[in-house]
Amino acid sequence: MYPKDYRYTKEHEWIKVDGANGTIGVTHYAQHELGDVVFVEMPKVGAQLKARQSFGTIESVKAVSEIFSPVAGEVIETNPALADAPELINKDPHGGAWLIKVRLADRKEASALMDAAAYEAYIAGQAKEHSA
Amino acid sequence: MSYKSTEIESPVGKILKAREHVSQNEGLIFEKSAPGKRGMELPPLDVPVLDASKALGKEFTRDAVEGFPEVSEIEVIRHFTRLSTWNYAIDLGMYPLGSCTMKYNPRVNEFVARLEGLATEHPEQPAEVSQGCLRILYDLQKCLLSITGMDAATLQPVAGAQGELTGLLMIRAYLQSQGNPRKTVLIPDSAHGTNPASVVIAGYEVKNIKSNARGQIDTDHLREFCTDDVAALMLTNPSTLGVFEERIAEIATILHERGALLYMDGANMNALAGVTRPGDFGVDVMHLNLHKTFSTPHGGGGPGAGPVLVKKGLEPFLPVPVVVQKEDGKFALDHSRPQSIGRVRAYCGNFGVLLRALAYILAYGPGIRQATEDAVLNSNYIRKKLEGVFDLPYNLPSMHEVVFSDARQKKHGVSTMDIAKRLIDYGFHPYTTAFPLIVPGAMMIEPTESESREECDFFIEAMRSIAAEAETNPELVKTAPHSTRIGRLDEVAAARKPVLRWKPEEGGSR
Amino acid sequence: MRYLPKSPSERREMLEAIGVQSVNELFESIPEKFRLRAPLALPAALSEPEIIQYFQARAAENSKGYTSFLGAGVYSHVRSVVTDALVQRGEFLTSYTPYQAEFAQGTLTAIFEFQTLMCQLTGQEVANASMYDGSTALTEAVLMAERITGRHRVLVGRSVHPEYRHVLQTYAKNLGMQIEEIGYTESGQLDRAALKKESLEQAAAIVVQSPNFFGVIEEIAALAEAAHRSGALLVTGIAEAVSLGIVRPPAEADIVAMEGQSFGISPSYGGPYVGVIATRDKFVRQMPGRLAGQTTDAEGRRGFVLTLATREQHIRREKATSNICTNEALFALVATIHLSLLGKEGLREQALQNLAKARFAQAELETIPGVRRVFSGPSFNEFVLEFPRSVKMVNQDLLREKIIGPFALGTHYPELTKRALVCVTETTPRAEIERLAAATRKILERPV
């Protein structure tokens with residue numbers, strides 16, 4: 001379910017590092033919790049993000065969630081497909097529904113985040129909390 | 001247009017329902033339009049006719065409004081009458097929306113609001129010919145002050161949320177006059193969403209405070225949070241759980257000792273009128289929702305009125321103008337109040353709503369207490385009869401409303417929203433779902449005093465029956481309503497690709 | 001009490017079922033010292049005929065039998081008994097905000113029609129389900145422009161309704177917003193030469209009203225261009241909505257804030273009315289207030305729901321686009337029914353009648369020695385006259401003739417003392433216009 005080469009945050013974002021750049025999205029778990037996504041608010045290309053800074057919002061019919069950047073960097077691209085098809089986030093959260101690409105401020109920063117196994121353990125704990 | 005026949009189940013087997021009449025499939029008014037029709041005629045012009053483009057200049061004029069409807073009077077009557085039959089209403093039955101106080105809207109209020117000499121009056125006409133309007137405002141103020149135990153009032157705010165903003169601006173002006181407007185306003189996590197939104201417009205920051213395990217303000221927590229930066233606490237009392245803040249006196253003391261004020265959101269005044277007065281238990285500023293406690297009709301979303309009542313010290317900051325009685329007994333609008341926060345709306349607020357509220361108060365007089373007692377009686381009766389059927393997350397005494405949760409039904413995959421929609425099939429409007437936020441799966445029931453014992457019993461029966469269905473046939477509940485003209489609507493599609501106005505080419509599917 | 005549907009024995013039985021002796025036990029969570037012991041000090045309860053009597057007595061203390069030439073943001077226009085009959089149907093009158101869409105399709109469908117009508121009238125792409133009134137709609141439009149542009153200065157024409165500006169100031173005071181007022185020219189229009197480049201470059205919006213408070217129609221296209229050149233928006237207020245029957249809509253504006261009182265709503269001493277915000281599609285997520293949208297049910301039938309609710313306070317709380325919750329839905333319905341009746345031709349005819357009557361009145365009054373028209377710009381159904389003496393004094397004398405005279409502009413504009421804002425609509429009979437002219441002539445002929 002969760003790609004092994006991605007890194008994950010506690011706020012349920014993922015980042016895939018590719019040399020100097022990183023691609024950022026939200027996880028399957030996040031899209032499931034949100035329900036049907038109806039709108040995504042994106043940052044402007046060129047925006048400078050700090051790690052854990054909110055860079056946009058994802059809306060379902062009755063909720064709004066902020067999205068936080070896993071790392072520091074400059075926004076170099078936003079996913080144009082999401083404006084017309086926000087439902088991609090529900091269908092393909094780890095692939096076609098990437099949100100932004102950033103030029104990393106520090107190539108090593110992402111490696112401090114959770115790997116797939118740690119994230120899966122983390123969300124298993126969250127799910128337990130919910131049902132309690 | 002084609003007529004459809006529908007097969008329906010009946011006690012004598014399947015029958016073919018008479019052809020579906022257009023009234024069940026009414027289109028939009030634009031779709032009935034044809035050039036040359038009209039539903040209203042004007043008296044002939046009794047002065048020379050002018051050519052608009054000559055009189056104003058071509059660049060300032062337009063042709064007839066593109067797309068505007070052209071229909072006859074009977075078509076307008078039928079169109080809106082048909083639409084009306086798709087609505088539920090208090091006039092049809094119980095409307096137990098928690099925190100909304102959907103009580104009977106007396107008809108005499110509608111009658112007097114339309115009287116010539118009241119409905120016809122212009123807000124800028126001189127006081128000499130407005131004594132009746134001014135006296136109505138003055139009398140209403142006096143009544144509201146008596147009911148709340150406060151010292152001064154403004155009737156200008158036109159909704160609860162605007163009342164909140166007005167009250168907060170007065171708090172700010174008052175604290176400013178003491179030297180420091182302060183920075184934050186405390187809001188319990190059970191509060192209505194307008195509270196934090198109003199705080200921001202008043203230039204304050206919101207600090208949320210958690211309710212304790214009993215759903216009440218945690219006074220230790222409040223003491224800790226109430227620093228010198230805090231301007232006020234915004235408290236709904238009874239809370240959105242329908243529970244009176246038992247430690248209200250202590251709460252007021254904590255705030256006042258730190259120089260902060262107690263703001264009361266009076267949305268739930270229907271639990272208190274005639275029984276206790278906010279002015280007596282330490283409230284400094286409050287608003288009332290006349291469209292709740294004081295019976296003015298909600299009209300599908302408004303209008304409302306949100307008068308603000310304050311203690312003496314805040315009086316200089318009331319919005320302008322203020323209705324006053326002069327020494328000669330005449331009434332006037334006082335505009336010269338140097339410390340006023342200004343104006344929150346043009347003119348004197350929603351006069352037509354205000355006079356309806358006065359008509360309501362005049363009908364009851366001091367007997368308004370009986371209405372409060374009946375409202376609290378109804379909610380406790382429903383609570384008693386549904387306890388054990390639905391989960392009661394907070395077990396404190398209920399006042400005018402009771403908040404259950406869907407915890408038991410959830411085990412069968414049935415949510416508060418499903419139960420709410422199924423209530424429609426039983427002929428009731430749903431209760432309030434998903435509020436307050438501190439109760440997951442909240443079912444917030446406010447019957448008001450307008451329900452007879454019989455109506456309460458029907459409602460209880462319906463709720464019990466749905467609880468049984470949730471166990472035996474959850475799908476039936478989850479796909480409700482089954483009795484309305486249309487089924488559950490696709491809200492996701494509506495939000496993804498918003499269609500917010502009619503266009504000729506998109507008139508299509510019905 | 002006639003509103004309460006319970007007999008004493010039913011109350012007793014219900015108390016028994018709850019398990020309490022008396023109703024007072026249900027109030028024991030209120031600390032005892034705060035429980036009232038005596039009945040409230042309110043007038044004794046009145047029966048229905050007595051309530052009617054009270055209000056009839058109040059009505060008799062007002063302006064019955066007077067003819068009024070007041071406009072200034074509130075207008076007397078034709079209304080149909082059909083509108084009143086329909087909005088008094090309990091299904092509309094006594095229903096709540098349509099959150100439960102399946103059970104409120106009547107209200108939702110009507111809101112969708114209202115939104116459509118408002119778009120058609122204003123030349124905009126999207127309109128909301130209503131705001132409180134024109135003054136708060138204009139204020140919310142300015143806050144919206146601030147959100148869109150990220151700028152905090154607004155350039156507001158002094159020709160905008162003074163009470164609207166006052167409301168804007170009250171709201172803006174604590175939000176770090178700077179309001180710069182822009183004067184007017186001899187035409188009565190906003191002084192475009194007074195729009196400084198450096199101000200425009202910091203401005204969220206130019207705020208103008210058309211027809212403006214002086215009744216003069218503004219040059220919307222030129223103002224929009226001036227705003228857009230500097231990255232600002234144009235917010236256009238409309239207080240006299242009937243003008244849109246013949247006046248070019250403010251299609252170039254980015255946000256239109258309108259008072260809909262003229263559409264079948266009685267003056268009612270200041271409210272309730274109905275505010276409107278209309279804008280371009282691209283700004284819809286920055287809009288305040290409710291929106292009804294079209295969708296379908298599982299079987300593909302068309303229906304309407306409240307949508308894009310994530311902008312609103314009940315979801316976004318302190319980050320909402322506005323604190324508005326209750327709006328003026330019933331009066332949006334009044335406007336919708338009224339405009340459906342009036343229709344395309346009716347609205348145009350009504351607007352033309354206003355124009356013709358106002359011009360007739362202006363010509364009549366201008367023949368009085370010492371009375372002259374003040375502004376040269378094109379006007380709709382209101383115009384400003386200069387009197388040779390105080391308007392308030394003239395109005396005192398007119399009142400004796402059972403005429404409520406024109407609005408005295410000196411109250412809000414110190415430089416415009418002796419200037420009167422006259423309003424004439426299709427409801428003002430020619431004979432009353434002539435009576436005003438004759439009475440004014442007589443008053444002004446008398447020595448002071």
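This short talk covers the two domains of chain C and one pair of packed helices within that chain.

The model is a predicted one, in which local features need pLDDT of at least 70 and side-chain atom pairs count only at pLDDT 80 or more, while totals for chains, interfaces and linings use all residues. Residues are numbered from 1 along each chain as its sequence is written, and chains are lettered from A and ligands numbered from 1 in the order in which they are written.

Let me begin with the domains. In chain C, domain 1 spans 67–78 + 344–445 and domain 2 spans 81–338; such bounds come from an automatic or database domain assignment. Taken over C-alpha atoms, the centres of these two domains of chain C are 28 Å apart. Their contact (C-beta atoms, placed from the backbone, within 7 Å) takes 24 residues from domain 1 of chain C and 24 residues from domain 2 of chain C.

I now turn to the helices, which are DSSP runs of H or I with at least four residues, numbered from the N terminus. Two packed helices are described by the angle between their axes and the distance between the axes. The axes, lines fitted to C-alpha atoms over the stretch in contact, with angles from 0 to 180 degrees between N-to-C directions, come within 8 Å and cross at roughly 50° for helix H6 (residues 134–149) of chain C and helix H7 (residues 162–172) of chain C.

Note on methods:
Contact = placed C-beta atoms within 7 Å.
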